[in-house]
Amino acid sequence: MGGLDAYHWLTEALATLERAHWKRSLKQVTSRSGAMVEIGAHNVLNFASNDYLGLASDPRLVQAATRAMEDYGVGATGSRWLSGHRALHRKLEIGLARWKRTEEALVFSSGYGACLGTVMALVGRPDVIVQDEYNHNCLQQGAKLSQALTYSYKHNNIQHLQELLQVHRAQHRRCLIATETLFSMDGDCCPLPEILDLAQQYNSMVLVDEAHANGVFGQNGAGWVQATNCQGRPLIQVGNLSKALGSMGGYVAGSSALVEYLRHRAPTWIYSTGLSIPDTAAAAMAVAIVQGEPQRQERLWGNIHDLRERLTQAGLPLLSPVASPIICLPLRDAATAQELEPQLLAAGVFAAVVRPPTVPSSRLRLSAMATHTPHHIQELVAILSDFRGCYDDG
Ligand SMILES: *Cc1c(COP(=O)(O)O)cnc(C)c1O
C-alpha cells in the first residue's frame, strides 16, 4: 500500500468541483484597502469589501494598533483564562457594551468563533434550535456541534418560524432562535420585533448575528437591534469587529449572566488565544469613531441609494427590494458566474461572484462603502451594463 494513494481522492474531488463550476481562485490585493484597490497590475473599483465605513486603513486605527504593539507586543500569548487577558481587551469590552447598551460584552478572536462557541455553549442534546435557512455557516456549524435538534425556517418567514415552534418547542428543554440581522448574501434584514414576540410566547432565547449590520444601521451605527427599537429586550447579540469596524475579532453582547456563563462554557473563547494586541486596539478605536462620526454612516447611505437608483435606471435586476450596502444582481447560472468574475476584473470592477453551495442561486454581490464617490458608482453601473446577458431577469 503506497502512502500516496490515500490522498488521490483530493485530485478527484477538485476535478468534480471544476466540472460543477464551483472551483474558485484567489485574488491578491496588492494595495491598501479602499474604494479603489490594486489587483495584479490593475487599479480597479472595489465593490467587494465589507469595509463599509472605510475604516480598515484609517490612519487612526493604524496608529492605535501601532502604539499598542509598541507598548505591549503583538500576540496575546495565551487564552484569556491563561496568560492572554489584557487591559485592552477589557477596555474594548466595556466600549462594546456601552455601544450596544448591554450589561456586558465578551471579545472573541473572530466573529466565526464567537457564533460557533456561543451556540455550542447555550444549547445541547436536550434542546432545540430554530434558525433561518440562510444563516451564515458559523451558525449552521455551531448548531451541528451543539448536538441540539435543529430546524430551519424559510428565510425571514415568521409564519414558518411560528409553525416550527408550535410543533417542536414543547418537547425540548431550551430553545434557541438564531438569525442574522442583515443577511450577508442577500442584503435583506430579519423581522426582529416579531421574532422577539414569538420568542417570548414560546419561552425561547434569541441570538442575532449583527456582523454586517454594525456601523450600517441604527443610531451611532449600533446595528439592526437599535434600528428596530429592540435594545433592552432579552437578546443575545453576536457580531464581529472585522467588517464596518475595519479590524478583526468577534464579540457577544448581553446580560452579565450570559457573559459570565460564556467565559466558563464557550469552547472557542476558553481554548483559543486572546485577540491580538493590534486588532484589539484598532477595534476599540473603531468603536469610538463609529459613534463619533455619524457622517460616515450618512455617506454610506447616500451611496446605497445612489447605487440602487442607477442600477434600476440602467434596467439591471436587483435581488432584494430592501436597501442595504449589500446589493445583489441575480446571475443566470454558475457557469456564467464563473466566467463573469475575471471579465469584470479586466473591465475594472472588483465584485464578489457568489455561487452554490454558498448560496442557493448564483449572484453578483456588490458592497457599497462610505468612501465611494459618485464617479465610482457611475463608472461601476456603466461597466455592469456591458454584461447585460449575464443577469437573470426572472
Ligand atoms: C463575516 C461573518 C461572520 C464571521 O466573522 P469573522 O470575524 O470574519 O470571523 C459571522 N457571521 C456573519 C453573518 C458574517 O457575515
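Trainee: Happy to start with helices. How are two packed helices described?

Mentor: Two packed helices are described by the angle between their axes and the distance between those axes. In this predicted model, take helix H5, residues 111-122, and helix H10, residues 256-265: they pack at an angle of about 95°, and their axes are 10 Å apart. Angles of 65 to 115 degrees count as roughly perpendicular, so H5 is roughly perpendicular to H10.

Trainee: Which residues in H5 and H10 meet?

Mentor: From H5 come Thr 118, Ala 121 and Leu 122, and they meet Leu 258, Tyr 261, Leu 262 and Arg 265 in H10. Sorted by class, the contact of H5 with H10 has five nonpolar residues, one polar and one charged.

Trainee: Now the ligand. How many residues surround the ligand, and which are the closest?

Mentor: There are 14 residues surrounding the ligand, and the closest are Tyr 112, Asp 209, His 212, Ser 242 and Lys 243. The shell around the ligand has eight polar, three nonpolar and three charged residues.

Trainee: Which polar side-chain atom lies 2.9 Å from an oxygen atom of the ligand?

Mentor: That one belongs to Asn 240. The backbone takes part in the list too: a polar backbone atom of Gly 111 is 2.9 Å from a ligand oxygen atom, and a polar backbone atom of Tyr 112 is 2.9 Å from a ligand oxygen atom.

Trainee: What percentage of the ligand's exposed area does the protein bury?

Mentor: The ligand taken alone exposes 380 Å², and the protein buries 86% of that.

Trainee: Let's turn to the backbone. Where is a cis peptide bond?

Mentor: Look at omega for this one. A cis peptide bond joins Pro 356 and Pro 357, with omega of about 10°. Pro 357 sits in the loop between strand S12 (352-354) and strand S13 (363-367).

Trainee: And which residue has a positive phi although it is not a glycine?

Mentor: Here the angle to read is phi. Arg 101 has a positive phi of about 55°, and it is not a glycine. You can find Arg 101 in the loop between helix H4 (87-100) and strand S3 (104-108).

Notes: Residues are numbered from 1 along each chain as its sequence is written. This is a predicted model: local features need pLDDT of at least 70, side-chain atom pairs count only at pLDDT 80 or more; totals for chains, interfaces and linings use all residues. Side-chain values use heavy atoms; hydrogens and water are left out. Axes are lines fitted to C-alpha atoms, for helices over the stretch in contact, and angles run from 0 to 180 degrees between N-to-C directions. Helices (H or I, at least four residues) and strands (E, at least two) are DSSP runs, numbered from the N terminus. Angles under 35 degrees count as roughly parallel, over 145 as roughly antiparallel, 65 to 115 as roughly perpendicular and the rest as oblique. Contact means heavy atoms within 4.5 Å. Ala, Val, Leu, Ile, Met, Phe, Trp, Tyr, Cys and Pro count as nonpolar, Asp, Glu, Lys and Arg as charged, and the others, Gly among them, as polar. A residue is near a molecule or strand if one of its heavy atoms lies within 4 Å of it. A polar contact is a pair of N or O atoms within 3.5 Å; within protein, one must be able to donate a hydrogen and the other to accept it, and residues adjacent in sequence count only if both atoms are side-chain atoms. Accessible areas come from the Shrake-Rupley method with a 1.4 Å probe; for residues, only the protein chains shown count as cover.
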